[in-house]
Amino acid sequence: MRYVAPTRQSLERSVLASPPLSCWRDYATLLGGEAWPDIAALNVLLPADADVHFVTQDKALLDDGLHYEERIAHRRAIATRPDNWHDLINALVWLRYPALKRALNARQMAEIAVMGRRERSRPQCALTHFDEAGMIVTLREPAMLAAWDAHDWTTLFWTHREAWLTGGARVEVFGHALLEHALTPGKLLVGKALVVMGEGDARAICADAIAAGSVLNDPQELRPLPVSGVPGWHVETDRPSFYTTAPCFQPLREGRTYPLPL
């Protein structure tokens, strides 16, 4: 069933104070204000050396016949629908993660050159999944990765609860569709993750890997993560039974394996 976001008027502003949207508090006025920000307001937030800009998506724009990704690559124009949560949040992701967005666009363009505008390759599907529902997860403890490999959600989130609470394990929600879903209070969120082990710059590591084509060549590379299980990200995470009863915590499918982390 297609997700329908709340209207701006009906939005429960309390969702902006809870993860993952609380991680975007720098943009709280754009998300929680009474009026929709216009394209000019978004462009003002771009750094002076930005090589892209936001443009209103309307019929005149779409009549150019370009693919969305081609418009970014050739005209540096990010088509943005007015008064639209999905596109507003996408704009915010461009503001925070420009290197990741540019890497995704370059890879999409390489695939379009091979597949054309109508067909989609496995890499394109993987790139889109990450763009829409992606997360960057940083771990230090191999035991947590092993639990994740086995879909042992109780061990990953409850046994290692302290790591999530103290920063030993971190998650950044990148996907704008996943962030849009977070506008609905209490919604159980599951995203698609790239994993970085250690203390490096996870954003830069992922951007470099995407640009190099060493990741996101097939959707099966992405690890599903019920991010609502991160302690403090859902009202039920103070109960261990949450990790065995909530429908977002699915068992490992027979034969399913995941690639090594970055």
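This is a predicted model: local features need pLDDT of at least 70, side-chain atom pairs count only at pLDDT 80 or more; totals for chains, interfaces and linings use all residues.
Figure 1. Met144 counts as buried because its relative accessibility is 0%, and the cut-off for burial is under 20%. Leaving out residues up to four places away in sequence, Met144 touches Leu139, Leu156, His160, Ala163, Trp164 and Ala169. One of these, Ala163, is 19 residues from Met144 in sequence, with a C-alpha to C-alpha separation of 9.4 Å.

**Figure 2. Arg170 in strand S4.** Strand S4 runs over residues 170-173 and contains Arg170. With 34% relative accessibility, Arg170 counts as partly exposed. Residues up to four places away in sequence aside, the contacts of Arg170 are Ile136, Val137, Thr138, Arg140, Trp164 and Glu199. Arg140 and Arg170 are 30 residues apart in sequence, and their C-alpha atoms are 9.4 Å apart in space. Trp164 is in contact with Arg170 and also with Met144 of Figure 1.

**Figure 3. The nonpolar core and Ile210.** The largest nonpolar core holds 74 residues, and Phe130, Trp164, Ile210 and Leu216 have the most contacts inside it. Helix H5 (residues 85-96) supplies the largest share of this core, with eight residues. Neighbours within four places in sequence aside, Ile210 is in contact with Leu100, Ala103, Leu104, Arg107, Leu127, Phe130, Leu194, Val215 and Leu216. Among these contacts of Ile210 are Phe130 and Leu216, which are themselves listed with the most contacts inside the core.

**Figure 4. Packing of helix H6 against helix H7.** Helix H6 (residues 98-115) and helix H7 (residues 122-133) have axes that come within 10 Å and cross at roughly 155°. H6 is therefore roughly antiparallel to H7. The crossing of H6 past H7 is left-handed. From H6, the residues in contact are Leu100, Lys101, Leu104, Arg107, Gln108, Glu111, Ile112 and Met115; from H7, they are Pro123, Gln124, Leu127, Thr128, Phe130 and Asp131. Sorted by class, this contact of H6 with H7 has seven nonpolar, three polar and four charged residues.

**Figure 5. Packing of helix H4 against helix H6.** Helix H4 (residues 68-75) packs on H6 at an angle of about 115°, and the axes are 9 Å apart. The two helices, H4 and H6, are therefore roughly perpendicular to each other. H4 and H6 make a left-handed crossing. H4 contributes Glu69, Glu70, Ile72, Ala73 and His74 to the contact, and H6 contributes Asn105, Gln108, Met109 and Ile112. By class, the contact of H4 with H6 contains four nonpolar, three polar and two charged residues. The buried residues of H4 are Glu69, Glu70, Arg71 and Ile72. Their cover includes helix H3 (59-62), strand S2 (77-80), H5 and H6. Just after H4, Arg76 has a positive phi of about 55°.

**Figure 6. Gln108 in helix H6.** Gln108 is located in helix H6. Gln108 counts as buried because its relative accessibility is 6%. Residues up to four places away in sequence aside, Gln108 touches Glu69, Gln124, Leu127 and Thr128.

Figure 7. His151 lies in the loop between H8 and helix H9 (153-159). Although His151 is not a glycine, its phi is positive, at about 55°. His151 is buried, with a relative accessible area of 12%. Leu216 lies in the loop between helix H12 (202-212) and strand S6 (223-225). Leu216 is not a glycine either, and has a positive phi of about 60°. Leu216 counts as buried at 0% relative accessibility.

**Figure 8. The cis peptide bond between Pro19 and Pro20.** Pro19 and Pro20 are joined by a cis peptide bond with omega of about 5°. Pro20 is in the segment before helix H1 (28-32).

Methods. Residues are numbered from 1 along each chain as its sequence is written. Side-chain values use heavy atoms; hydrogens and water are left out. Axes are lines fitted to C-alpha atoms, for helices over the stretch in contact, and angles run from 0 to 180 degrees between N-to-C directions. Helices (H or I, at least four residues) and strands (E, at least two) are DSSP runs, numbered from the N terminus. Angles under 35 degrees count as roughly parallel, over 145 as roughly antiparallel, 65 to 115 as roughly perpendicular and the rest as oblique. A crossing is left-handed if the near helix is turned anticlockwise from the far one by less than a right angle, and right-handed if clockwise. Contact means heavy atoms within 4.5 Å. Ala, Val, Leu, Ile, Met, Phe, Trp, Tyr, Cys and Pro count as nonpolar, Asp, Glu, Lys and Arg as charged, and the others, Gly among them, as polar. A nonpolar core is a set of buried Ala, Val, Leu, Ile, Met, Phe, Trp, Tyr and Cys residues joined through side-chain atoms within 4.5 Å. Buried means under 20% relative accessible area, exposed over 50%, partly exposed in between (1.4 Å probe, protein chains only).
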